[in-house]
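This report covers helix packing, selected residues and domain layout. Look over the sequence and the model first.

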Amino acid sequence: MGELFGTNGVRGVVGDDMTPELALRLGRAIGTWSEGPVLVGTDTRTSGPMLRDALVAGITSAGAEAVDAGVAPTPAIQYSVEETDYAAGAIVTASHNPPEFNGIKVCTGDGTEPVNDEVADIEEIYFDESFPDLAWDSVGPRSEDPNVVDRYADAIVDEVGEDKLGDDPPTVVVDCANGPAGTVSPDVLRRLGAHVVAINAQPDGSFPGHDSEPTPENLASTIQAVEAVDADLGIAFDGDADRCVFITGEGEYVPGERTLALVAGAMVENNDEGLVVTPVSSSQCVADHVENAGGEVEYTAVGSPIVADVMQQRRALFGGEENGGLIFPDHQYCRDGTMTAAWVTKHVADNDETLAEMLDEIPGYRLVKQSVDCPDEAKDEVLERYTETVDADDVDTTDGVKVFRSEGWTLVRPSGTEPLMRVYAEARDHEQAAKLAKHARADVQSIVDEVA
Ligand code: MG
């Protein structure tokens with residue numbers, strides 16, 4: 001059987017591998033699988049209405065009700081699925097990819113993204129085409145839910161506290177990347193009490209402000225805006241607002257792993273203890289900061305659905321990914337950009353220190369990412385042989401092989417999407433990290449040369 005879902009759902013270039021035919025067929029599979037009403041939403045991409053309509057046709061053709069939420073952040077759809085009686089959710093989005101991309105994310109009845117068995121169930125229906133051919137009187141209805149965004153905004157304001165930012169609230173530049181963050185995030189931060197300067201807040205799927213991946217390069221004008229209005233912090237969302245990154249009042253871009261460490265450490269400190277869940281690829285700064293605060297870290301395989309699943313099973317205090325996708329379990333078990341923005345803004349308002357000063361307390365590391373070409377069919381054997389060559393006491397095989405040494409760590413894992421073995425190395429400085437990566441890469445390369 002083929003594989004439809006990557007690490008984060010189905011994604012591709014519109015008109016090439018992301019077509020209305022695919023959306024229709026996946027809609028038929030979701031409608032067959034869901035056994036109840038499916039909430040459907042889109043980000044702001046120009047191809048969104050086309051793909052949504054195909055998806056809705058598929059869902060209703062299988063006898064399920066399709067409920068249109070309109071344009072909404074991915075976590076807003078997930079929140080409504082969990083809080084109301086929807087059986088599943090489907091979101092037309094390509095997250096941070098350029099405007100020519102689109103995709104479909106699915107969530108189960110509790111609002112979480114499907115993990116292994118659930119993905120296999122949907123894929124089986126999709127590839128076997130085991131959909132019903134229903135008569136006219138069994139086709140599912142189509143309706144609308146106009147309250148998805150408001151329901152979500154109210155939940156975050158309730159969780160963080162309305163008008164609780166004090167007499168001297170922070171000034172925040174909020175960059176919505178012309179995506180669905182604009183429907184909710186500036187408004188939520190204003191309700192908390194912040195002075196908000198919103199940019200790129202109008203929905204526009206051609207992304208006139210900048211591409212929707214919140215990288216330092218794409219955020220040059222956001223950083224300028226933070227400096228121009230003398231803001232306390234800047235916040236920039238990705239294309240479906242399930243994650244965001246921060247900029248300090250001094251105009252410094254904050255890498256996602258440092259935000260993860262900051263929030264996780266503060267959560268543990270407030271609670272005196274607690275478990276934090278993150279993928280094996282996360283920076284050591286997360287474990288260091290969490291352990292310094294009295295907590296523990298548990299590593300998972302790469303992918304936010306797996307992090308959320310382990311958090312639920314282990315009743316973790318907090319979790320997230322190094323790309324700035326943070327999961328607040330009291331709110332919901334999925335990455336949530338606006339919740340992250342609200343929590344960090346409140347944390348900055350509550351502290352005497354600036355965001356930059358708080359981040360200074362987190363140990364610094366440098367990560368080097370490389371790869372080795374490797375045919376898909378050789379990946380298992382390459383990984384097995386590489387594992388046999390590793391000579392170290394502290395090894396984690398949750399996802400690939402992660403080796404901890406006194407000078408840093410290396411991780412070798414097969415790419416889930418490309419014919420590559422990925423090689424990561426992290427150490428206190430770049431030179432040391434590059435040295436570790438070079439050795440691991442050479443080891444992997446020589447095994448690939450033998451096997452492939
Ligand atoms: Mg995203």
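## Local sites and helix packing

Ala 316 sits in the loop between α10 (304-314) and β14 (318-320). Helices (H or I, at least four residues) and strands (E, at least two) are DSSP runs, numbered from the N terminus. The model is a predicted one: local features need pLDDT of at least 70, side-chain atom pairs count only at pLDDT 80 or more, and totals for chains, interfaces and linings use all residues. Residues are numbered from 1 along each chain as its sequence is written, and side-chain values use heavy atoms, with hydrogens and water left out.

Is Ala 316 buried or exposed? Ala 316 is buried, because its relative accessible area is 6%. Buried means under 20% relative accessible area, exposed over 50%, and partly exposed in between (1.4 Å probe, protein chains only). Leaving aside neighbours within four places in sequence, Ala 316 is in contact with Leu 275, Val 277, Met 311 and Pro 329. Contact means heavy atoms within 4.5 Å.

Val 372 belongs to strand β16 (residues 366-373). Val 372 counts as buried because its relative accessibility is 1%. Residues up to four places away in sequence are not counted in what follows: Val 372 touches Pro 419, Leu 420, Met 421, Val 423, Arg 441, Val 444, Gln 445 and Val 448.

Thr 32 lies in helix α1. Its relative accessible area is 25%, so Thr 32 is partly exposed. Not counting residues up to four places away in sequence, Thr 32 touches Ala 62, Ile 125, Ser 130, Phe 131 and Pro 132.

Each of these residues also has a C-alpha to C-alpha distance to a partner along the chain.

| Pair | Apart in sequence | C-alpha to C-alpha |
|---|---|---|
| Ala 316 and Glu 298 | 18 residues | 9.2 Å |
| Val 372 and Ala 442 | 70 residues | 9.0 Å |
| Thr 32 and Thr 60 | 28 residues | 9.3 Å |

### Helix pairs

Helix α1 (residues 20-34) packs on helix α4 (residues 116-128) at an angle of about 120 degrees, with the axes 9 Å apart. Axes are lines fitted to C-alpha atoms, for helices over the stretch in contact, and angles run from 0 to 180 degrees between N-to-C directions. α1 and α4 are therefore oblique to each other. Angles under 35 degrees count as roughly parallel, over 145 as roughly antiparallel, 65 to 115 as roughly perpendicular and the rest as oblique. The α1 and α4 crossing is right-handed. A crossing is left-handed if the near helix is turned anticlockwise from the far one by less than a right angle, and right-handed if clockwise.

From α1, Leu 22, Arg 25, Leu 26, Ala 29, Thr 32 and Trp 33 meet Glu 118, Asp 121, Ile 122, Ile 125, Tyr 126 and Phe 127 of α4. This contact of α1 with α4 holds eight nonpolar, one polar and three charged residues. Ala, Val, Leu, Ile, Met, Phe, Trp, Tyr, Cys and Pro count as nonpolar, Asp, Glu, Lys and Arg as charged, and the others, Gly among them, as polar.

Helix α11 (residues 337-350) comes within 10 Å of α5, axis to axis, and the two cross at roughly 25 degrees. That makes α5 roughly parallel to α11. On the α5 side, the contact uses Tyr 152, Ile 156, Glu 159 and Val 160; on the α11 side, Thr 338, Met 339, Ala 342, Trp 343 and Lys 346. The classes are six nonpolar, one polar and two charged.

Helix α8 (residues 256-271) also packs against α11: their axes come within 12 Å and cross at roughly 65 degrees. α8 and α11 are therefore roughly perpendicular to each other. Their crossing is left-handed. Thr 259, Val 263, Ala 266 and Met 267 of α8 make the contact with Trp 343, Val 344 and His 347 of α11. By class, there are five nonpolar, two polar and no charged residues.

### Positive phi

Most residues other than glycine have a negative phi. Asp 163 has a positive phi, near 50 degrees. Asp 163 falls in the loop between α5 (148-160) and β7 (171-175). It counts as exposed, because its relative accessibility is 58%. Asn 178 also has a positive phi, near 55 degrees. Asn 178 is in the loop between β7 and α6 (185-192). Asn 178 is buried, with a relative accessible area of 0%.

### Domains

The domain assignment gives domain 1 (10-148), domain 2 (170-252), domain 3 (256-359) and domain 4 (366-451). Such bounds come from an automatic or database domain assignment. The C-alpha centres of domain 2 and domain 4 are 36 Å apart.
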